[in-house]
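Please read this briefing with the sequence and the structure side by side, and locate each residue as it is named. The points are grouped by topic, so that each group can be checked on its own.

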Amino acid sequence: MTESTPFLGIEGVVAGYGGGDVLKGVDFTVKEGGVTCIVGPNGSGKSTLLKVISGLLKPRLGQIYFKGTPLVGLTPRAILKLGIVQVPQNHSLFGEMSVEENVELGAFIVRDRSVIARRMDSVREMFPIVAERAKDKAGSLSSGQQRLVEFARCLMLEPELVVLDEPSMGLDPKTLRVMFDTVKMMNAMGRTVLLVEQNARQALKMSHHGVVLENGQVRLSGTGSEVLNNPEIGVLFLGGALLEKPKAS
Amino acid sequence: MNGTAVLHSIIDGVLTGSVYALMATGLTLIFGVMNIINVAQGILVILGAYLSYALSVHLGIDLFVGLAITIPTLFVVGIVVERIFLSRIKGPERVVMSILVTYAIALVIEGLLNIVFSANYVELHAWYVVRSVRVFGIWLPYIYLLGFALAVVLLGALYVMLYRTRFGASVRASLADQTAAALVGINVRRVSTICFGLGVAVTAAGGMIYGATNAFNANSSYDLISRLLVIIVLGGMGSLGGALVAGIMMITIEDLVSVVWGPTWSNLSFFVILVIVLSLRPQGLFGQRSVRVA
């Protein structure tokens, strides 16, 4: 990877599900080591873009490069092997399997049992719930707990890029804070994070970069605070001003 | 009616039901992983029976020894059918299309079996088919006990595969959520193909026991598939444990009804139980309630 090669480069991506294109030429780059947040109204193509990145959906046109390697046409498994892990929007734990089994499956593509054991120990340390509820069925956990176990599972591959699709969905305010703290922790550990969020204010505040998608195209990109402070974006796409309301004196 | 007859029918039901459970487990595994209703499962059981018949009559190979040939053969048949026909079915109409495609496959196999073996009924013969043993004062044909043992061994092997191996974990993950399974690196396509092969392979064992306990021809598949479908619907589509419980339960109740009210009512009881259970629990005994959006 040369200096000019983007960590993740999305170039002219056009994709949809058969009933027309949802993404209509998306271009932006994700910088290594940061948190990049994609925001935008419902139907703007945020989740569709993440499906294209993780290989679940093949784009009609365009290309995605990860450290110079083209991703289009690769299977989700091949993309995982490159170091890109996605936590999908809806709860993705296997409900009838135990918490421990779920987390171990995060390292499904790793063959070396000693590596898996070492990573399990590390994940148990970071996420105590993995040890506390190890033998419980994953389906018996609360929404917030399931989200933390999903994070734990995705770290089993020690990925370079963690892709999160609306991680705050369905979480109460207290759990929301824990979730955002965990995202910050993953980033502090050296993982680059790309997340899609409806909870725009909180997500952009903790992000180094922000991208606004509108109708399948990039409307604006910049630093997290630039996007957060842009009044037009706040009014048009995010249900009003994103800035904190001034406190009454 | 006396106590011995009732006890006999219960034991018969459990022994025979376990073989149905084995056949139904294959069917429900295929549905759970692939969203495919394989209505060819009945004729594949009969194909398994005919393979055992051919090996026994023409090569003198014992029915149980012959399974070493028929099980791998039907596994390969399953793989070929999945790769050539079923892997092409995609999209929201997958379930309905799978019924049509597998029905067409069933008709082709039925036609071929009628040409090769004629429509005359045949039976599988071996010493254990005709001899019986006295257990708790009841005479039971050896084949019922051996069939039960075979079903237990194969279901046990399936259990170990599913719950003690890496491949089993990938099957269970694919059963639960195919997208999430793909996102942890499971090759869902490959898992589906192997599961279809396994689901068909068990028909070799089921077919051999069926052929040893019933006279059969290609048309026997219709009765079989209707029973197998009832069992997996009753157990809960995609539930392996459900197929096991429902298989044993249905055949036992059918045998009991036959003894208590007479054979005329036994077939009917199969469907009456289905209607009653589904009225109270539409997802079946162990099935998950599906969520319908708007």
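In this predicted model, B:Tyr210 is part of helix H9 of chain B, which covers residues 188–213. B:Tyr210 counts as buried because its relative accessible area is 8%, and the cut-off for that word is under 20%. Between B:Tyr210 and B:Glu110 there are 100 residues of sequence separation, while their C-alpha atoms are 17 Å apart in space.

**Chain A as a whole**

- Chain A contains ten helices and ten strands. Its radius of gyration is 18 Å, close to the 18 Å that the globule rule gives for 249 residues, so chain A is as compact as a globular protein of that length.

**A covered helix in chain A**

- Helix H1 of chain A, residues 46–53, is mostly covered, since seven of its eight residues are buried.
- The buried residues of H1(A) are A:Lys46, A:Ser47, A:Thr48, A:Leu49, A:Leu50, A:Val52 and A:Ile53.
- After H1(A) comes A:Gly55, which has a positive phi near 85°.

- A:Lys67 is not a glycine, and yet it has a positive phi of about 50°. A:Lys67 sits in the loop between strand S4 (61–66) and strand S5 (69–70) of chain A, and with 29% relative accessibility it counts as partly exposed.
- A:Glu166, which is also a residue other than glycine, has a positive phi near 45°. A:Glu166 belongs to the loop between strand S7 (161–165) and helix H7 (173–188) of chain A, and it is buried, with a relative accessible area of 6%.

**Salt bridges**

- Over all chains, the structure holds 17 salt bridges.
- One of them joins the side chains of A:Glu158 and A:Arg118, at 3.7 Å from N to O. A:Glu158 lies in the loop between helix H6 (143–155) and S7 of chain A, and A:Arg118 lies in helix H4 (residues 113–126), so the pair ties together parts that are 40 residues apart in sequence.
- A:Glu158 also forms a salt bridge with A:Arg119, where the closest N and O atoms are 3.7 Å apart. A:Arg119 is in helix H4 of chain A, whereas A:Glu158 is in the loop between H6 and S7, so this pair ties together parts that are 39 residues apart in sequence.
- A:Glu150 and A:Arg147 form a salt bridge in which the closest N and O atoms are 2.7 Å apart. Both residues lie in helix H6 of chain A, three residues apart, or about one turn of the helix.
- An α-helix has 3.6 residues a turn, so residues three or four places apart point the same way.
- Both members of this pair are buried, A:Glu150 with a relative accessible area of 2% and A:Arg147 with one of 1%.
- A network of salt bridges links A:Glu100, A:Asp121, A:Arg124 and A:Lys135.

**Patches on the surface**

- A:Lys81, A:Arg111, B:Arg166 and B:Arg190 form a positive surface patch. Among them, A:Lys81 is found in helix H2 of chain A, residues 76–82, and it is exposed, with a relative accessible area of 55%.
- A nonpolar patch on the surface, with about 820 Å² of accessible area together, is formed by B:Val259, B:Val260, B:Trp261, B:Trp265, B:Leu268, B:Val272, B:Ile276 and B:Leu280.
- Helix H11 (240–260) and helix H12 (263–280) of chain B each supply at least two residues of the nonpolar patch, and the largest share, five residues, comes from H12(B).
- B:Trp265 is located in helix H12 of chain B, and it is partly exposed, with a relative accessible area of 48%.

Note on methods. Residues numbered from 1 in each chain as written. Chains lettered and ligands numbered in written order. Predicted model: local features only at pLDDT ≥ 70, side-chain atom pairs only at ≥ 80, totals over all residues. Heavy atoms only, no water. Patch = residues over 30% accessible without salt bridge, like charges linked within 9 Å, V, L, I, M, F, W, Y side chains within 5 Å. Areas by Shrake-Rupley, 256 points an atom, 1.4 Å probe, with all protein chains shown as cover. Salt bridge = Lys/Arg side-chain N within 4 Å of Asp/Glu carboxyl O. Lys, Arg positive; Asp, Glu negative; His and termini not counted. Charge placed at Lys NZ, Arg CZ, Asp CG, Glu CD. Helix = DSSP H or I, 4+ residues; strand = E, 2+ residues; numbered from the N terminus. Buried < 20%, exposed > 50% of the residue type's maximum accessible area, 1.4 Å probe, protein only. Rg over C-alpha atoms; globule rule 2.2 N^0.38 Å.
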